[in-house]
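Me: I have a model open and want to go through it. Can you take me through a few spots?

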Amino acid sequence: MSGADSAPDPNRPDPPKLDPSRWGGKTVAPGEGQAVQITVSESYSGARVRLPVFIWRGRRDGPTVFVTAAVHGDEINGTGAIRYILTHHPFEVAAGTLVLVPVVNLLGFEQHARYLPDRRDLNRCFPGDADGPLAKRMAHAFFEQVVRRCDFGLDLHTAAVRRTNFPNVRADMKNERLAALARAFGAELIVSSRGPEGSLRRSATKAGVPTLILEAGEVWKVQPGVVEYAVRGVANCLQHLGMVDGTPTDPPFRVETDSTKWVRAKFGGFLRFHVAPGQIVSAGEPLATNAKLTGEEQNILRAPRDGIILGMTTLPSVAPGDPVCHLAFPKRGVLRKIERAVEQLDQPSLHERIRDDFERGMVVHDPEDNERP
Ligand SMILES: [Zn+2]
């Protein structure tokens with residue numbers, strides 16, 4: 001660690017001074033990587049629920065950082081990213097300890113489901129309760145055995161079912177150490193928020209373990225662009241913390257905002273999309289045309305202000321009130337600068353490729369291209 005990041009935070013409670021070599025009852029020596037298991041619950045049959053965790057230690061001392069995925073059991077893009085790190089070694093951990101947790105909500109994951117079998121959202125149960133219901137006990141077991149032993153956390157998510165998200169980092173930017181980590185991740189879009197009550201990132205940050213999330217892509221998929229984006233972000237953060245050699249790569253632009261809004265369907269009907277995730281839109285620009293199944297146009301949904309498409313529905317059939325486009329609103333005047341920065345990019349940049357990926361994933365129509373019967 002270097003610079004301000006290594007300064008002790010007087011507001012931070014003392015973490016349990018556990019030996020960073022002991023995980024799940026096993027010993028992991030400096031310079032070693034090892035798969036261990038962390039017991040978090042028991043199944044209906046009485047079998048132990050053990051999370052597969054990989055501990056990767058550098059030879060030198062340094063921070064301990066967790067990377068978690070599938071806290072929502074169907075959000076497996078992050079699982080794919082962690083698997084890529086384990087199988088391809090895109091970087092070497094030189095200092096500190098990297099704790100890789102491919103699936104946190106193992107019981108949800110077994111059913112390809114967001115929630116636990118009792119239909120609770122694990123990501124509203126942190127820091128948990130040892131005497132509470134199943135979800136809170138699991139949250140507590142994970143929080144005590146993994147989260148509290150770390151100095152920082154990166155939690156990988158996707159959009160909920162039937163939606164997609166252009167990669168964006170969400171973090172409490174009022175927390176200075178977390179803001180520096182979030183900027184180091186290298187995302188174009190940072191949404192500043194503490195996160196919902198009971199979420200892993202909010203509870204971890206509150207407990208003195210600054211934690212951000214990446215929101216990227218869709219459920220039930222491992223998308224190559226999202227994996228590349230997540231792996232690069234993890235590497236950037238570890239470089240920022242001095243655990244991995246090299247310097248973090250900067251994004252072509254960076255927008256930090258706490259202003260976002262879902263544009264919702266006014267009528268039940270079928271949508272033709274005019275934009276894709278990551279696209280920059282001007283106030284009044286058509287986002288989607290809502291038509292009856294027989295083709296008659298009902299209305300055009302438009303951008304309320306200049307913004308960037310953060311996320312979208314992937315399902316063209318909507319009922320009134322269904323979310324259609326999630327927009328992020330940067331400060332005035334910033335969008336033109338962003339457009340110029342994007343125009344100057346080389347075609348093979350990750351930003352361009354990931355935007356192309358998202359655009360190919362859906363049918364985007366020119367609003368002028370009318371479809372009246
Ligand atoms: Zn999630």
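Me: How close do the axes of H1 and H6 come, and at what angle do they cross?

Reply: This is a predicted model. In it, the axes of H1 (residues 77–88) and H6 (residues 224–240) come within 9 Å. They cross at roughly 60 degrees.

Me: Is the crossing of H1 and H6 left-handed or right-handed?

Reply: H1 passes H6 in a right-handed crossing.

Me: Which residues make the contact?

Reply: From H1, they are Asn77, Gly78, Gly80, Ala81, Tyr84 and Ile85. H6 brings Val226, Val227, Ala230, Val231 and Val234.

Me: And how does the contact of H1 with H6 split by class?

Reply: Eight residues are nonpolar and three are polar. No charged residue takes part in the contact of H1 with H6.

Me: Switching to the loops. Where does Val71 lie?

Reply: Val71 lies in the loop between S5 (60–69) and H1.

Me: Buried or exposed?

Reply: Val71 is buried. The count is 28 other C-beta atoms within 10 Å, and 20 or more is enough, so Val71 qualifies.

Me: What is Val71 in contact with, leaving aside its neighbours within four places in sequence?

Reply: Val104, Asn105, Leu122, Asn123, Asp155 and Leu200.

Me: What about Val71 and Pro251? How many Å separate their C-alpha atoms?

Reply: The separation is 27 Å. Along the chain, Val71 and Pro251 are 180 residues apart.

Me: What else lies in the loop between H2 and H3?

Reply: Gly132 does; H2 covers 106–110 and H3 covers 134–145. Gly132 is partly exposed, with 13 other C-beta atoms within 10 Å. Its C-alpha atom is separated from that of Asn236 by 37 Å.

Me: Which residue has a positive phi of about 40 degrees?

Reply: His89, although it is not a glycine. His89 is in the loop between H1 and S6 (95–101). It counts as exposed, with 11 C-beta neighbours inside 10 Å.

Me: And what is phi of Arg162?

Reply: Near 70 degrees, a positive value in a residue other than glycine. Arg162 lies in the loop between S7 (152–157) and S8 (163–171).

Me: Why does Arg162 count as partly exposed?

Reply: Arg162 has 13 C-beta neighbours inside 10 Å. Exposed needs 12 or fewer and buried needs 20 or more, so Arg162 falls in between.

Me: Last topic, domains. What does the domain assignment give?

Reply: Domain 1 is 26–240 and domain 2 is 259–360. Their C-alpha centres lie 28 Å apart. The contact takes 17 residues from domain 1 and 18 residues from domain 2.

Me: Which elements give two or more residues to the side of domain 1 that touches domain 2?

Reply: S8, S9 (189–192) and H6. S8 gives the largest share, six residues.

Me: How does that side split by class?

Reply: On the side of domain 1 that touches domain 2, six residues are nonpolar, five are polar and six are charged.

Conventions. Residues are numbered from 1 along each chain as its sequence is written. This is a predicted model: local features need pLDDT of at least 70, side-chain atom pairs count only at pLDDT 80 or more; totals for chains, interfaces and linings use all residues. Axes are lines fitted to C-alpha atoms, for helices over the stretch in contact, and angles run from 0 to 180 degrees between N-to-C directions. Helices (H or I, at least four residues) and strands (E, at least two) are DSSP runs, numbered from the N terminus. A crossing is left-handed if the near helix is turned anticlockwise from the far one by less than a right angle, and right-handed if clockwise. Two residues are in contact if their C-beta atoms, placed from the backbone, lie within 7 Å. Ala, Val, Leu, Ile, Met, Phe, Trp, Tyr, Cys and Pro count as nonpolar, Asp, Glu, Lys and Arg as charged, and the others, Gly among them, as polar. Domain bounds come from an automatic or database domain assignment.
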